[in-house]
Amino acid sequence: MVNSWPDLRQIDAVIFDMDGTLVDSMPYWRILPENWFRERHLPVPEDLDVQLGMVDLWQASELLAERYSSSSETAEQVYAVLGETMTRHYAEDIPLMPYALEFLQQLAAAHIPACIATMTDRPQVETVLETHNIGGFFQFVLTTPEVGQGKDQPEIFLEAARRFGTKPGRTLVFEDSRTALVTALNAGFPAVCMRNAACDYTELDRLKAGLNAKLWYLDDFSPLLHIAKN
């Protein structure tokens, strides 16, 4: 897991995940469904994290409404409640990851285009862009609900490369999700893993070795600031 940092001279574009990568929002996402249960005086399933896995907000809302709602609460109503809660957090509570803004500024100065590819719905993404005034750093935004496939499939990454007009091997992916990192590496993208407790580094390192892939690990963006200046 020792890093020699990516050479941005070999990178034509950058794909950023949003939650847990650009913004420190994962604690809010983790507690969101648990609070839904508690507010309805329902027991929180022990395997809730497994059930929700890599689903997006709409899929989570469908699951909660169909399996657990003890009232006539519909998936649309669950979605509205959860979405409004997260939008408020994005606007008021959730910060950028350390040194994310500085790295975005240096990518822009180096004329390396960037985009966001996220499982989060567009209204919440737009709230993040507006709250932190970072929309100008991204050529476009892709969301898995709009693409129609989750990050267990490569389509969102491949679509981003198509829009950039770049090859996967020269398009750097920043992610915190183990599933998304596995998908990106298998599709031929170099990747940076933003460390979190859910990442199985041993598995990722085995995949890196087996594919002879390019994979780096970060706690924040500060180690990359010097390479973006060169």
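**Reading accessibility and helix packing**

Modeller: Arg 163 has a relative accessible area of 48% and is therefore partly exposed; buried means under 20%, exposed over 50%, and partly exposed in between, with a 1.4 Å probe and protein chains only. This is a predicted model, in which local features need pLDDT of at least 70, side-chain atom pairs count only at pLDDT 80 or more, and totals for chains, interfaces and linings use all residues. Residues are numbered from 1 along each chain as its sequence is written, and side-chain values use heavy atoms, with hydrogens and water left out.

Biologist: Where is the place of Arg 163, and with which residues is Arg 163 in contact?

Modeller: Arg 163 lies in helix α8, residues 155–164; helices are DSSP runs of H or I with at least four residues, strands are runs of E with at least two, and both are numbered from the N terminus. Contact means heavy atoms within 4.5 Å. Setting aside neighbours within four places in sequence, Arg 163 contacts Phe 140 and Leu 142.

Biologist: Is Leu 224 buried or exposed?

Modeller: Leu 224 counts as buried, because its relative accessibility is 1%. Leu 224 sits in the loop between β6 (215–218) and α11 (225–229). Residues up to four places away in sequence not being counted, Leu 224 touches Trp 5, Pro 6, Phe 103, Phe 174 and Leu 218.

Biologist: How are two packed helices described?

Modeller: The description uses the angle between the axes and the distance between them. Axes are lines fitted to C-alpha atoms, for helices over the stretch in contact, and angles run from 0 to 180 degrees between N-to-C directions. Here, α4 (residues 75–92) packs against α6 (residues 122–132) at an angle of about 15°, the axes being 9 Å apart. Therefore α4 is roughly parallel to α6; angles under 35 degrees count as roughly parallel, over 145 as roughly antiparallel, 65 to 115 as roughly perpendicular and the rest as oblique.

Biologist: Which residues of α4 and α6 meet?

Modeller: Gly 83, Met 86, Thr 87, Tyr 90 and Ala 91 of α4 meet Gln 124, Thr 127, Val 128 and Thr 131 of α6.

Biologist: At roughly what angle do the axes of α9 and α10 cross?

Modeller: The axes of α9 (residues 178–186) and α10 (residues 201–211) cross at roughly 0° and come within 11 Å. Thus α9 is roughly parallel to α10. In α9, Arg 178, Leu 181, Val 182, Leu 185 and Asn 186 meet Glu 203, Leu 204, Leu 207 and Leu 211 in α10.
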